[in-house]
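I opened the structure and kept short notes. Here is what I looked up.

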Amino acid sequence: MSALLLQRNGFALFNAAVQVFRGGAGGIGPELAEWNSPHSRVEGHLGVLADDLFCFGQDLFDLQFAITSNRTVVTFAPENGQRASIGSSLQDWAEWLLADPNVRGAHGFATSWQDEFGALTMQQRLIPRRFFVLGGTYDRNNVTSIDAVEAMRIRGPLARHVHDLPKGANVQLGGEQKPTRAELQLVADYGQIYLFDQADATFDVSEEWTDQLLDLRIGSDLDEPTLIGLGTARSAKVSFVLELLAQEPDQYVQQGWDHVVEASIESPSGVLVLNGPTAAESKAIEIQVRPGSYRVRHHLGGLDTLSDDGLDGDDHYELLLWPEPCHDPEVLKAVAE
């Protein structure tokens with residue numbers, strides 16, 4: 001490895017689809033010692049799954065190229081912690097890549113994606129909106145660019161959870177005793193409910209955040225991703241259905257809803273809280289999840305049943321939650337004005 005880096009200290013192959021990490025302060029891309037340190041991108045998020053690995057590079061989707069303690073070169077999948085042997089030397093690894101650059105090096109995918117969305121930096125990789133191990137596909141609509149460090153952090157909890165599951169097993173976000181669907185009654189103060197991480201949420205919302213909540217019926221900020229505001233039609237006790245999913249629902253927008261909007265939230269603590277912004281803590285609903293990033297789909301229905309004074313109505317709401325990297329809010333269906 002040292003001989004290779006003396007020739008070129010950090011580099012990319014196949015139109016940035018494959019990276020080889022640099023050693024020390026010079027060179028480009030992620031640094032070897034930092035990436036492999038005990039509190040690093042790999043071991044810090046993947047735990048014992050990454051024991052005895054020394055990662056020297058990665059592909060377009062964060063698949064790690066590593067050397068094990070017995071000097072075998074392997075691939076290491078960050079979504080499930082699975083390993084596959086390549087050979088016993090870097091020469092074996094190079095020959096393995098060159099045997100099929102489009103499949104093993106993602107050369108063609110990297111080229112077509114960057115032609116459409118722009119060049120990746122040495123700090124960026126692609127991560128799926130629906131994880132590959134949960135049925136996500138390798139197509140341009142299912143992936144987005146993200147900082148490589150963040151990508152490993154997001155995938156770590158999933159890998160630890162699914163590593164020992166049999167093929168085809170159902171993946172649950174919460175603990176075994178937690179329901180995946182619940183019918184709730186929540187007090188919507190000022191026409192809104194807050195969903196936030198128990199440990200890291202900030203309630204110092206910006207004017208832009210508030211305007212978004214009023215316009216889209218959802219408020220979020222990717223710079224402060226541990227809080228989401230969910231808009232309601234009334235400032236009253238309203239009916240909410242909460243459902244935790246293992247992956248994005250197959251049906252894009254369910255029929256019968258007046259307004260559907262999505263946003264992202266981070267849960268570093270593994271506990272999300274659902275409550276009115278001024279409601280007592282005793283009224284809060286705690287949601288146990290795996291630490292990581294989640295997509296939230298907020299459904300609003302019965303908006304045409306409100307009384308003239310806006311105090312009464314049969315409005316109702318559904319909240320779907322599944323693991324997915326953070327990205328911008330999106331309106332899937334807008335209420336007719």
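Entry: I started with the side chain of T232, where a polar atom lies 2.8 Å from the backbone oxygen of R234. I used the polar contact rule here: a pair of N or O atoms within 3.5 Å, where within protein one must be able to donate a hydrogen and the other to accept it, and residues adjacent in sequence count only if both atoms are side-chain atoms. The model is predicted, so local features need pLDDT of at least 70 and side-chain atom pairs count only at pLDDT 80 or more, while totals for chains, interfaces and linings use all residues. Residues are numbered from 1 along each chain as its sequence is written, and side-chain values use heavy atoms, with hydrogens and water left out.

I placed T232 in the loop between β12 (227-231) and β13 (237-244). Strands are DSSP runs (E, at least two residues), numbered from the N terminus. Is T232 buried or exposed? T232 counts as buried because its relative accessibility is 9%. Buried means under 20% relative accessible area, exposed over 50%, and partly exposed in between (1.4 Å probe, protein chains only).

Next I listed what T232 touches, not counting residues up to four places away in sequence. Among them are A188, I193, F240 and Y317. Contact means heavy atoms within 4.5 Å.

**Entry: salt bridges.** I counted 6 salt bridges. The rule is a side-chain nitrogen of Lys or Arg within 4 Å of a carboxyl oxygen of Asp or Glu.

R234 came up again, in a salt bridge with D315 whose closest N and O atoms are 2.7 Å apart. D315 sits in the loop between β17 (292-301) and β18 (316-323) and R234 in the loop between β12 and β13, so this pair ties together parts 81 residues apart in sequence. Both D315 and R234 are buried.

Then I turned to E262. Its salt bridge with R297 has its closest N and O atoms 2.6 Å apart. E262 lies in strand β14 and R297 in strand β17, so the pair ties together parts 35 residues apart in sequence. E262 is buried at a relative accessible area of 4%, and R297 is buried at 1%. Salt bridges that share partners join E248, E262, R295 and R297 into one network.

Entry: Most residues other than glycine have a negative phi. I noted F14, with a positive phi near 55 degrees, and A16, with a positive phi of about 70 degrees. A16 is found in the loop between β1 and β2.

Methods:
Helix = DSSP H or I, 4+ residues; strand = E, 2+ residues; numbered from the N terminus.
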